Amino acid sequence: MKIFKSIEIILDNNLNKAEQFVQSRPKVNFLFGALFEACDGLIRSTKDTAKTPPYIRSNMDVKQYMGGVLVALFFGWVVPAIYFYGFLCVVPKLIVSFAIGVFVVDVIWVVLAREERINEGGFVTCLFIPALLPPQAPLWLIGVGAAISILFRNILGGVGHNLVNPALLGRLLLTICFPAIVVTGWQEPFTEIPTVQSFIHGVDAVTRATPLIVYKEIGETASYFSLLFGSNTGSLGETCRIAIIIMGVWLCFKRIANWRIPVAYLGSVFIFSAVLSLLVGNTVAPPIFQLLSGGLIFAAFFMATDPVTTTYSQIGKWIFGIGCGLITVVIRSFTPIPEGIMYAILLMNLIGIPIQSLILKIKYR
Amino acid sequence: MVYKKGFDLIKAYPTEFSEEVVSVRYSGQTENFSFSFPEKKVEHIIINLCPTEPWALPHWAILKGNTINFLHKLEKVRSEYFPDSPCRIVVDRCEDELINDLIRYGKKKEWLHTFSMKPVYPYDAPVLIIKNVLGLETTFGENPIDHGILLLEPQTITGIYEHYMLKRETGVRLIPISGTGLHENRILKIKPGTPVETVLKKYIRTDIKYRVFFDGLLNGTEVEDLSQTVNWSVKNIVVMEERDYKTPFPYMKTKELGSTTSLMGELRRCVYCNYCDDICPVNLEPALYWHCYSRGEKQKARHYALDKCIECGLCSYICPSKLELLQVIRECKSGS
Ligand code: SF4
Ligand code: SF4
């Protein structure tokens, strides 16, 4: 305890000195001020105090909020993905994504645009990018994706001003630019007792189409068990659905994600696909298969709930979720595209703005 | 933790007062007790024995273990000055003994009603207590007496009894002082008119920076000048540590930091997290006011039921982006 205290004091003194050094030299401050603030912010609290009532504040801040999302994403997809595809498949992607997204694009942006600070939302976006791409996606693709996403995120205004989910927008642009690469390389996951070899390298890369593509082509559904536990093909982050569900529920429980959105989204996918498959027959995949396939669960818990891009009002959140569900089912069933969540969420992000103002007009007439 | 509609401040900031009540000596000019009896007819009297803020005066300091004695005084005051008004006493739902005493006393007296509630902030704010106890709608900032409702502090009842009925000189008021800027939390007998420095002199910590507040931390006022005097309307004094320097590893010290005036985070833009409308006791959506304000359209904020806001301050308290919502609301209300 005592040692800890003295380390703390030394650290505090040195950071104070560093802060003084940075702030007293305009040029250093221009280049490294924001970076220093960001690092310092991870170690120490702010010195701001409440100037207007209330004079005490709750300890929840945006850092913890985003930290919660990062933890959920880490256990929701990074850990299972390491098991299924091997350490060497996952970790380099994350390093590339963070290095390019946060440490290159974000830092350059902060310096050029004279933003006050780098914020933690960039980490969340960069943690999404590899998850949305196939396991065999090349590293440069991840880098390009991260760069595009962070760039657009900053252009559109950063935390608090995002128009659409930046990670999905990046993924959309990748789909437009490299249509062939983003839909191949669905690697078969490893499903046995892990060995050191498998843990590091994964298994031989055998590729197979995702369950949704298979259904589109030959109308066969995969086993629900394999879908739930992740022993089926899909993007890197979306396969182990049980882990995603657990972490998603935890997020809702911590009130970081709003429970209304996953409930509305998943519920409406279930209902619409049930109704449509009764009406149209086999062009529409059966409801439980729809729920468990593709990126739906991942998107419903982690991407659609991204708070800034939904509506503020609670009723709007229901409408947002249901809209996403409807578009997803329609795209999956009646278009040649096998997976529709990306389009659904991006579209609803945009529609969210008129929905919000309409709700306000009705509510406060 | 409960965020939904109101907030249990007592649980979040437990505050214990030592039982002994101490008098503060002061020989300068002081003010005597006076009560301005309303000219309008009083139809209902509400007495709140269930404070929802941890730094408010606990009721045991007034009841002194003798509820019956207090009720006698109340009965005399009522029959002398407000003979036709029913009295409603609000108590904490968990205090069985007190509730039993009240019910036993009120058995043969149909003017006395007991009402129990959970001590969740800000349910004892005038607008909400009137709504919960009487079911009547009032607006924030109105004097409840315009609706024939008299909200009486328990201390005022003993004050009226002693000053007007026993004709005794009454010049002291019980004021609780608490907070991390003090050595100990105390209930003090203060002669209104005493300067704040004199009141706090014996208890304040001199080794740290501190700030002094009247009437609680959520929507109270800051005492900038400590030579200001304590008057009859001051309910409590809170002294909080001011940490205007950075603290390493704040995640391990949330409790310690939480009891200072620290913002506990950086100012950001609204992230649409919905914490503010979940906690708002009157179902408003405070972020809307901030959006109007940040676009420079203060007038527009009025469209969103702004006048219903009771200025409890919970929205600013909970906001993870540390937006000054209460300040924004007050500015939008004043409209300038
Ligand atoms: S909007 Fe008004 S009533 Fe609602 S939490 Fe904020 S200050 Fe309290
Ligand atoms: S609590 Fe703050 S950040 Fe969250 S919605 Fe309300 S104003 Fe926005």
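Guide: Ile271(A) lies in helix H12 of chain A. Please bear in mind that this is a predicted model.

Visitor: Why is Ile271(A) called exposed?
Guide: Its relative accessible area is 51%. Exposed means over 50%, so Ile271(A) is exposed.

Visitor: Which residues make the nonpolar surface patch of about 870 Å²?
Guide: Ile271(A) is one of them, and the others are Tyr224(A), Phe270(A), Val275(A), Leu279(A), Val280(A), Ile288(A), Leu326(A), Val330(A) and Phe334(A). Helix H12 (260-280) and helix H15 (314-334) of chain A are the elements that give two or more residues to this patch. With five residues, H12(A) gives the most.

Visitor: What makes the site of ligand 2 shared between chains?
Guide: Ligand 2 is surrounded by residues from chains A and B, so the site is shared. Of the 13 residues around ligand 2, those that come nearest are Cys270(B), Cys273(B), Cys276(B), Cys319(B) and Ser321(B).

Visitor: How do the residues of the shell around ligand 2 divide into nonpolar, polar and charged?
Guide: The shell has 11 nonpolar residues, two polar and no charged. Cys counts as nonpolar.

Visitor: How do you know that Lys209(B) forms a salt bridge with Asp244(B)?
Guide: The closest N and O atoms of Lys209(B) and Asp244(B) are 2.6 Å apart. The cut-off is 4 Å, so the pair qualifies as a salt bridge. The pair links distant parts of the chain, 35 residues apart: Lys209(B) is in the loop between helix H7 (196-200) and strand S8 (210-214) of chain B, and Asp244(B) in the loop between strand S10 (237-241) and helix H8 (254-258) of chain B.

Visitor: Why does Asp244(B) count as partly exposed?
Guide: Its relative accessibility is 32%.

Visitor: What of Arg243(B) and Glu241(B): why is each called buried?
Guide: Buried means under 20% relative accessible area. Arg243(B) has 9% and Glu241(B) has 10%, so both are buried. They form a salt bridge, with the closest N and O atoms 3.2 Å apart.

Visitor: Which residue meets Glu266(B) in a salt bridge, and are the two buried or exposed?
Guide: Glu266(B) meets Arg268(B), at 2.4 Å from N to O. Glu266(B) and Arg268(B) are both buried.

Visitor: How many salt bridges does the structure hold over all chains?
Guide: The structure holds 28.

Notes: Residues are numbered from 1 along each chain as its sequence is written. Chains are lettered from A and ligands numbered from 1 in the order in which they are written. This is a predicted model: local features need pLDDT of at least 70, side-chain atom pairs count only at pLDDT 80 or more; totals for chains, interfaces and linings use all residues. Side-chain values use heavy atoms; hydrogens and water are left out. A residue is near a molecule or strand if one of its heavy atoms lies within 4 Å of it. Patches are made of residues with over 30% relative accessible area and no salt bridge: like charges are joined within 9 Å, nonpolar side chains (Val, Leu, Ile, Met, Phe, Trp, Tyr) within 5 Å. Accessible areas come from the Shrake-Rupley method with a 1.4 Å probe; for residues, only the protein chains shown count as cover. A salt bridge is a side-chain nitrogen of Lys or Arg within 4 Å of a carboxyl oxygen of Asp or Glu. Helices (H or I, at least four residues) and strands (E, at least two) are DSSP runs, numbered from the N terminus. Buried means under 20% relative accessible area, exposed over 50%, partly exposed in between (1.4 Å probe, protein chains only).
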